[in-house]
Amino acid sequence: MTDTLTMGQRLADLHATLTPAEQANLKLILGLSAGQLVPDKAPTSEQSRRAVSEALEILCPYDVADPRGLQYRGRPDFLTDELLASFIAEKDEVGKTAVPFDEHYLGCGGTVADRVAVSPELAALVASVVPKAEATGIASYLFYRDAGQGIIPHIDTDIFSLNVLMMLEHEIPDGVEEPSALYMHYPDGTEERLQLSPGEVVIFLAGTQAHSRTPIAEGERVTILTFGFMPEGAPLENYRR
Ligand SMILES: [Fe+2]
C-alpha cells in the first residue's frame, strides 16, 4: 500500500508519527531543503523538489484553496495615508538602531507597528483570505541598505508561517533596469516576480511557499514591515525568535 504513496505523502505520514519536537525538526529540514531545491532548475532536482514541495503543502497548517503564491495583494482600507506616514516615520527611527541580521538589517517593531500587529483591522484582513490564523503580535522592520543585500530562496519557520508584508520604501537609483523584487518559487521550477510599490501589502504562507528577495544594487534601498501570524491555538512559546 505504501508503495502507491508519493514521496511527499510518505514524508507527511512520517510527520504524523513524530513527537512535536521531532515534527519541528522535520519541518526545518524540509524547509531548508525547499530553499535549495525549489529554485534549482536542474532536471536532476525535479523529483526531490516536487517531493519536498508536496510534503510542505500537505503539512500546511492553514485551510486555503491553494497554499501557493499570494493569498492577497493590495492596499487594505485600514492603511490610510496617515498610517503609512506613521510607519515611515517609525522605520526612520527604528532604522537608526537596526542590527545586521543575515542579509538585511532588522529592527523590532515600534509603538505604531506593535499596535497594528494585534489590531482587529489587520486580523480581519488576514481572516478574509486565510481562516484560523492568529496574530503573533510580532512586527519587524527590515532594511535592505547595502549593495548585494537580499534574501535567498527559503521557507520561514513557524513564527512566520503566515507573513503579512508591507512595502514602505523602495528607492531605485537611475540606471537600475531590474530593481530588487520579491519572488515566489514554485514546485515546477517556475517563479513569479513581485515588484511592490510603497503602501502595497501582500499575504502569503511563508512556511509553505518558497520565497526570496533579489539583491539590491548600489544606492538602492528597500524597507519593509512584516507581521507574523501563526495557526490558531498554536502555543505562542513555539513562535518566539
Ligand atoms: Fe521569509
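# Reading strands, burial, an iron site and salt bridges

Me: I see that L165 stands opposite V202 in β9. How do I read such a pairing?

Reply: Strands in a sheet pair through backbone hydrogen bonds, in either a parallel or an antiparallel sense. Strands here are DSSP runs of E of at least two residues, and helices are runs of H or I of at least four, both numbered from the N terminus. Two strands count as paired if DSSP finds at least two bridges between them. In this case β6 and β9 pair in the antiparallel sense over four bridges. Before we go on, please note that this is a predicted model, in which local features need pLDDT of at least 70 and side-chain atom pairs count only at pLDDT 80 or more, while totals for chains, interfaces and linings use all residues. Residues are numbered from 1 along each chain as its sequence is written, and side-chain values use heavy atoms, with hydrogens and water left out.

Me: Which strand does β1 join, and in which sense, parallel or antiparallel?

Reply: β1 (residues 70–74) runs antiparallel to β9, and four bridges join the two. There, R73 stands opposite V202 in β9.

Me: In what order do the strands of the open sheet come?

Reply: The seven strands follow the order β1-β9-β6-β11-β4-β3-β2, with antiparallel pairing. β1 and β2 (99–101) are the edges; each has a single partner strand, so one side of each has no neighbour in the sheet. From one strand to the next the twist averages 30 degrees. For angles, axes are lines fitted to C-alpha atoms, for helices over the stretch in contact, and the values run from 0 to 180 degrees between N-to-C directions.

Me: Are the side chains of V201, V202, I203 and F204 in β9 buried or exposed?

Reply: Buried means under 20% relative accessible area, exposed means over 50%, and partly exposed is in between (1.4 Å probe, protein chains only). In β9 (residues 201–204), V201 and I203 point one way while V202 and F204 point the other, and all are buried.

Me: Where is S180 found, and what does S180 touch?

Reply: S180 is in the loop between β6 (162–171) and β7 (182–185). With a relative accessible area of 1%, S180 is buried. Not counting residues up to four places away in sequence, S180 touches H170, Q195, R213, T214, P215, I216, E220 and V222. A polar atom of the S180 side chain lies 2.6 Å from the backbone oxygen of T214. S45 is another loop residue, found between α2 (20–37) and α3 (46–58), and S45 also counts as buried, at 8% relative accessibility.

Me: Which residues coordinate the iron ion?

Reply: Donors are N, O and S atoms within 2.8 Å of the metal (3.2 Å for Na, K and Ca), and a site may look incomplete as water is not among the atoms. The iron ion is coordinated by H154 (NE2), D156 (OD) and H211 (NE2), at 2.1 to 2.2 Å. Along the sequence these donor residues are spaced H-x1-D-x54-H.

Me: How many salt bridges does a search of the whole structure find?

Reply: Side chains of opposite charge can pair when their charged atoms come close. A salt bridge here is a side-chain nitrogen of Lys or Arg within 4 Å of a carboxyl oxygen of Asp or Glu. The search finds eight. One of them joins E46 and R50, with the closest N and O atoms 3.2 Å apart; both residues lie in helix α3, four residues apart, about one turn of the helix. E46 is partly exposed at 33% relative accessible area, and R50 is partly exposed at 42%. R75 and D81 also meet in a salt bridge, at 2.9 Å from N to O. In that pair R75 is partly exposed, at 37%, whereas D81 is exposed, at 60%. Finally, K91, D92 and E169 are linked in a network of salt bridges.

Terms used. Contact means heavy atoms within 4.5 Å. A polar contact is a pair of N or O atoms within 3.5 Å; within protein, one must be able to donate a hydrogen and the other to accept it, and residues adjacent in sequence count only if both atoms are side-chain atoms.
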